[in-house]
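The following note sets out points for a colleague who is reviewing this model. Each point takes up one part of the fold or its packing.

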Amino acid sequence: MTTDFNFLVGGEAGQGIQSVGDILAKALSYGGYYIFADQDYESRVRGGHNFFRVRASKQPIRAISEKLDVLVALNRETMDLHRNELKPKGMLIHDYEQTKFADECTQCLDVPLNKLALETAQNKLMVNTVAAGAALGLTGYDFNILTDVLKKEFAKSGEKIIGDNM
């Protein structure tokens with residue numbers, strides 16, 4: 001991973017955007033990065049567009065960068081609103097089943113987030129963890145750090161929830 005990296009996770013209210021952002025920020029922080037994060041949410045009721053930005057750097061930072069290395073779009077609206085924020089070598093992660101985006105796009109990576117969550121944990125709610133893993137995987141980040149964060153994050157939820165998230 002480079003020394004300064006920018007993520008944005010976006011989707012509808014109720015899709016767990018804050019959860020994905022928190023997991024990313026904690027995993028990067030545990031790995032020795034300085035973190036600056038912010039979130040934008042229109043509504044706590046399902047339907048409004050929400051997003052969570054995380055900037056990670058090996059140097060102290062005091063602001064978000066507007067150009068993205070990784071955009072995780074949990075819905076089509078996020079793609080439409082934030083795709084132009086990608087750096088020239090940035091990547092957009094989306095699930096075709098959710099976005100129905102099929103245009104030629106060299107920066108787009110179709111990851112079946114819902115399908116993976118259902119196949120591995122038999123629980124659609126694990127989409128957030130799959131998305132966090134996909135984003136960190138693109139950067140070559142150490143999955144052992146993500147594993148440690150997930151264990152701590154869900155320690156009070158019990159072994160089943162920890163296992164499902166792993």
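1. The sheet is open and has six strands in the order 2-3-1-4-5-6, with mixed pairing. Strands are DSSP runs of E with at least two residues, helices are runs of H or I with at least four, and both are numbered from the N terminus; two strands pair if DSSP finds at least two bridges between them. Strand 2 (34–41) and strand 6 (108–110) are the edge strands, and each has a single partner, so one side of each has no neighbour in the sheet. From one strand to the next the twist averages 15°.

2. The model is predicted, so local features need pLDDT of at least 70 and side-chain atom pairs count only at pLDDT 80 or more, while totals for chains, interfaces and linings use all residues. Residues are numbered from 1 along each chain as its sequence is written, and side-chain values use heavy atoms, with hydrogens and water left out.

3. Strand 2 pairs with strand 3 (residues 49–57) in the antiparallel sense, over eight bridges. Within strand 3, R55 is the bridge partner of F36. Strands of a sheet pair through backbone hydrogen bonds, either parallel or antiparallel.

4. Two helices that lie across the sheet deserve attention. Helix 1 (residues 17–30) lies across strand 1 (4–12), strand 2 and strand 3, and runs at about 5° to strand 3. Helix 5 (residues 127–139) lies across strand 1, strand 4 (68–73), strand 5 (86–94) and strand 6, at about 155° to strand 4. Axes here are lines fitted to C-alpha atoms, for helices over the stretch in contact, and angles run from 0 to 180 degrees between N-to-C directions.

5. How do helix 1 and helix 6 pack? Their angle is about 120° and their axes are 9 Å apart. That makes helix 1 oblique to helix 6 (under 35 degrees counts as roughly parallel, over 145 as roughly antiparallel, 65 to 115 as roughly perpendicular and the rest as oblique). The contact (heavy atoms within 4.5 Å) involves I23, K26, A27 and Y30 of helix 1 with I145, L146, V149, L150, K152 and E153 of helix 6. These residues divide into seven nonpolar, no polar and three charged. Ala, Val, Leu, Ile, Met, Phe, Trp, Tyr, Cys and Pro count as nonpolar, Asp, Glu, Lys and Arg as charged, and the others, Gly among them, as polar.

6. Helix 5 and helix 6 pack at about 155°, with axes 10 Å apart; the two are therefore roughly antiparallel. On the helix 5 side, T129, G133, L136 and G137 meet F143, L146 and L150 of helix 6. By class, the contact has four nonpolar, three polar and no charged residues.

7. L150 lies in helix 6 (residues 143–153). Is L150 buried or exposed? L150 counts as buried because its relative accessibility is 3% (buried means under 20% relative accessible area, exposed over 50% and partly exposed in between, with a 1.4 Å probe and protein chains only). Apart from neighbours within four places in sequence, L150 contacts I23, T129, N165 and M166. The C-alpha atoms of L150 and I161, eleven residues apart along the chain, are separated by 9.6 Å.

8. H94, in strand 5, is buried, with a relative accessible area of 3%. Leaving aside neighbours within four places in sequence, H94 is in contact with A73, M79, T99, F101, C108, L109, D110 and V111.
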